[in-house]
Amino acid sequence: MVNTNVDTLLDRAQAERQELIPILSSVSDTVCYNQNGDDTNEDSEGDNDIFEMTINKDDDCRNLEATFTLTSTVLFAVGQTIGSGIFVSPNEVIKHVGSPGMALVIWVASGVISLTGALSFSELGTMFKRSGGEFQYIKAAYGELWAFVYMWVCGVIRNSLGCAVIALTFSSYLIGTVITTDYIYYNIVHKAVASIGIMLIILINMYSTKMGVVLCNFFCILKLVALSVLIVLGAWKLIDGETENIKHGFQDTNMNVGEWTTAFFAALWSYSGWNCINMISGEIKNSAKNVPRALVISQVVLITIYGLANIAYCSILSTEDLVNHDAIALFVGRQMLKRFGEGWARFGEIFFGLSVAISSYGSLNSSLMCSCRLPFVAAQENMFPKFIALIQCRTGTPIVSLLYMGIASFICVWPSDISALISYVGFLSWFWWGLCFLSVLVLRFKMPTMPRRFKVFWGIPVIAVASTAYLVVGPFFVNPLPCLGWVGITALGIPIYYGYVDTKNTCAKVMNLVLLRFAEFFRASL
């Protein structure tokens with residue numbers, strides 16, 4: 001570093017740090033290297049302080065001002081959770097359960113499962129102040145090996161798959177205003193637009209994290225507007241007495257319970273974000289009471305909103321229409337307004353298409369910003385190559401981690417469709433979340449004296465673990481080959497850990513022991 005630039009870099013660092021603190025839930029403690037290549041942290045002396053860009057180890061929840069009331073916490077949770085999923089998941093749910101009635105049951109049950117998970121995480125969140133979320137819980141409960149495998153699966157694979165889903169949703173609605181799925185090159189255009197969207201966001205965030213935050217805030221309100229209009233249109237049709245699409249209820253329900261897991265994964269994708277309150281628990285007033293209250297209230301609100309949205313979908317569109325259209329909100333706009341003429345039908349398509357596309361793009365921006373922090377933390381924990389933890393000190397952005405996540409998401413866009421990607425993300429996510437739910441009980445025995453601001457009833461994590469077991473085991477009976485493939489990829493993290501990460505050199509010690517025994521047996525030497 002050039003010492004003459006210290007003042008300029010310090011000013012930039014402080015400005016960017018204030019923008020990073022509220023959004024980087026998974027950031028570790030340091031983000032740049034000094035001129036000697038060592039990690040720089042809050043204990044560094046002198047000019048090295050200019051490299052500290054993110055959350056300081058002392059900036060944990062205990063020292064942050066408690067500013068969130070019960071109401072603001074509920075609004076935060078609802079706003080963080082509602083994303084692109086409600087505009088893409090309903091057709092996946094009804095495709096696998098077969099009836100509007102059963103689809104509604106799946107959506108409500110998914111909300112309850114998310115609530116049990118959120119309550120379990122709330123206890124864990126009061127135990128561990130350091131950033132890292134699930135990584136910290138798994139490491140404390142099961143050890144460093146399991147923590148590395150989690151980093152391996154989620155940092156390398158799951159998060160990039162999730163970003164690819166949102167990018168494809170954005171692309172579906174954007175190009176849906178121009179071309180239809182019958183277009184001969186639709187799939188190529190669909191994935192090309194999604195890929196361009198990913199690259200553009202990566203470039204924006206590489207230039208400035210602050211610009212990425214502004215982008216998130218600007219697009220957030222659009223998804224709420226589109227969702228509100230959708231619910232109003234559904235209510236309008238029901239008030240007019242047009243109930244032919246929902247009067248059949250549970251008729252034609254698919255009774256293959258194993259296949260329901262795919263429907264659950266699609267619905268649970270829309271509830272993703274249920275653990276966001278856990279990230280700010282230290283900033284909530286009277287957190288011991290308000291955290292569980294906010295979790296329950298926010299989940300009830302989300303179940304209500306998603307239930308109304310799905311009733312609107314099912315009242316406006318037939319089951320066949322829901323199954324055959326990916327960009328269902330766009331089709332809803334056309335169906336509801338075509339009674340006023342083709343011009344209004346086209347307006348409905350464009351309104352929903354652009355609203356959902358832009359809001360999905362905002363969700364993609366948020367996901368890429370947060371997802372790149374997991375490999376960043378892994379690099380700082382010496383579990384990923386150190387260069388991934390590099391920060392561009394002029395802009396204060398995790399440039400290498402952003403590039404990595406952008407490239408990984410770009411690759412994931414091309415070989416799969418949205419349905420397959422959602423199933424993969426759900427399978428990978430809920431296995432690890434299940435281990436986190438179980439860790440609530442494990443840590444009560446392993447760390448009984450560790451302070452907990454509040455405890456959940458033991459039955460809550462038991463229900464969460466049981467639900468997770470169904471979600472993880474069910475797909476093996478429906479589509480075993482992809483599941484076995486993901487198990488193999490997960491298991492691949494074990495030899496990588498022992499060969500690259502293990503500080504105790506367990507693998508080397510075992511091989512030396514084997515070498516010694518062979519030498520003794522054969523009376524040989526090197």
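Reply: First, the ground rules. This is a predicted model: local features need pLDDT of at least 70, side-chain atom pairs count only at pLDDT 80 or more, and totals for chains, interfaces and linings use all residues. Residues are numbered from 1 along each chain as its sequence is written, and side-chain values use heavy atoms, with hydrogens and water left out.

Me: How many helices and strands are there in the protein?

Reply: Helices (H or I, at least four residues) and strands (E, at least two) are DSSP runs, numbered from the N terminus. The protein has 21 helices and zero strands.

Me: What percentage of the residues is buried?

Reply: Buried means under 20% relative accessible area (1.4 Å probe, protein chains only). Of the 526 residues, 54% are buried.

Me: Why is helix H13 described as largely enclosed?

Reply: H13 spans residues 328-337, and nine of its ten residues are buried, so the rest of the structure largely encloses it. Among them are Phe331, Arg334 and Met336.

Me: And how many residues of H5 are buried?

Reply: Seven of the nine in H5 (residues 134-142). They include Glu134, Gln136 and Tyr137. Just after H5, Gly143 takes a positive phi of about 105°.

Me: What describes two packed helices?

Reply: The angle between their axes and the distance between the axes. Axes are lines fitted to C-alpha atoms, for helices over the stretch in contact; angles run from 0 to 180 degrees between N-to-C directions. Here, the axes of H6 (residues 144-176) and H17 (residues 418-446) come within 9 Å and cross at roughly 150°.

Technical notes. Buried < 20%, exposed > 50% of the residue type's maximum accessible area, 1.4 Å probe, protein only.
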